[in-house]
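Visitor: I have a chain to look at. Please show me the sequence and the fold, then take my questions.

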Amino acid sequence: MGQGLDNVRRIYLEGIAGGNAREAVHAYTGHRYTQHSTGVADGAEGFLAFFEPFVARNPKRDIEIKRIFEDGPWVFCSAYQSLNNGAAQWVTMDMFHTDTSGLILEHWDTIAPYVADTASGEDMVGGAQAVDTSADSAANKSIVLEYTKQVRQEKNLTSLDQFVADDLIQHAAGIKAGRQGLSGWLGSAENGDYEMLFKLIGQGDFVVTYGKRHAKGADIAVFDLYRIADGKIAEHWMNEEPISPRESWGNSGKF
C-alpha cells in the first residue's frame, strides 16, 4: 500500500466517518488542495466549510470503503455511505492525485443515491473488492481504453463481444444483466453520447475511467469501474452525477 492510498483511506475514515475533518485535511493534503466536487471550495478551508457542517447535521455516519487502488500518484476510491441510520444512502466514487510524499493535491468525485432495486438484480456496491495485483495492469488498461474508444465513443456495438464477457456482472443501477443488457443500454437514449474521456487509471484487474457523457439534454460526469478477467470486462460499476449549472460551482468544475 502506497502512502497516497493510505492518506486517502485516512481522510475518508478519520476525517469524514470519524468526524475529525480539521485534523485530517491538514494531515493528509499537500501544499494545495484543488477541488472538483462542485459544492466544495478549494483548499483546506473549503473542505472544512463543507464537512464540518456535514458532520454536525449527520451525527451517525456509517461509511464503508468498498474498493480502493492506486496507479502511481493516482488513487481511486469507492464508498457506500449510510447517514443517520439509513435516512440517506449514497454511493461515491473519488479520484485523487497525490504528490511524491503521498499528500493529496487534487480531488474529483461523483455522488449518487444508493439504489436497492437495480435493473440487473446485482447490488449497486456489491461484487469483487480485492485487487488482483498479479494481473497485467497495462494490458487491462489497454482493453478498457479501446472499449471506451470503439464502443462508448464511436458506438461500434458490433465489437462489444471483443471486450465484454457474455455473462458480465452488472452493478450499474439502470442497466440490465449481461452483455445483452449492456448492449441495450448503450444503444439507448438513456446512454446518449460519451463525449470525453478525462482520465483512465488502473491496478491489477481493476480499471476506472472518468469522463463526461451527454444524454437527454444533460451533461453528466461519470465514473465507470471495470474488473477484467480472461481479457474481457467481467464486472462493471457506474457512478454518475449531473453537472450543475456553472453559476452554482464553488470551484473550477468537475474536470
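This is a predicted model: local features need pLDDT of at least 70, side-chain atom pairs count only at pLDDT 80 or more; totals for chains, interfaces and linings use all residues.

Visitor: In what order do the five strands form the open sheet?

Guide: Strands are DSSP runs of E, at least two residues, and helices are runs of H or I, at least four, numbered from the N terminus. Two strands pair if DSSP finds at least two bridges between them. The pairing is mixed, and the order is S1-S5-S4-S3-S2.

Visitor: Which strands stand at the edges?

Guide: An edge strand here has a single partner strand, so one side is left without a neighbour in the sheet. That applies to S1 (29–35) and S2 (61–71).

Visitor: Which residue in S3 stands opposite Ile-63?

Guide: S2 and S3 (residues 74–83) run antiparallel, joined by ten bridges. Opposite Ile-63 stands Gln-81.

Visitor: Within what arc do the buried residues of H2 fall?

Guide: Buried means under 20% relative accessible area, exposed over 50%, partly exposed in between (1.4 Å probe, protein chains only). In H2 (residues 21–28), the buried residues are Ala-21, Ala-24, Val-25 and Tyr-28. They line one face of the helix, because the arc, taken over directions from the helix axis to the C-beta atoms, is 95°.

Visitor: Is Asn-85 buried or exposed?

Guide: Asn-85 sits in the loop between S3 and S4. Its phi is positive, about 60°, although it is not a glycine. At 66% relative accessibility, Asn-85 counts as exposed.

Key: Residues are numbered from 1 along each chain as its sequence is written. Side-chain values use heavy atoms; hydrogens and water are left out.
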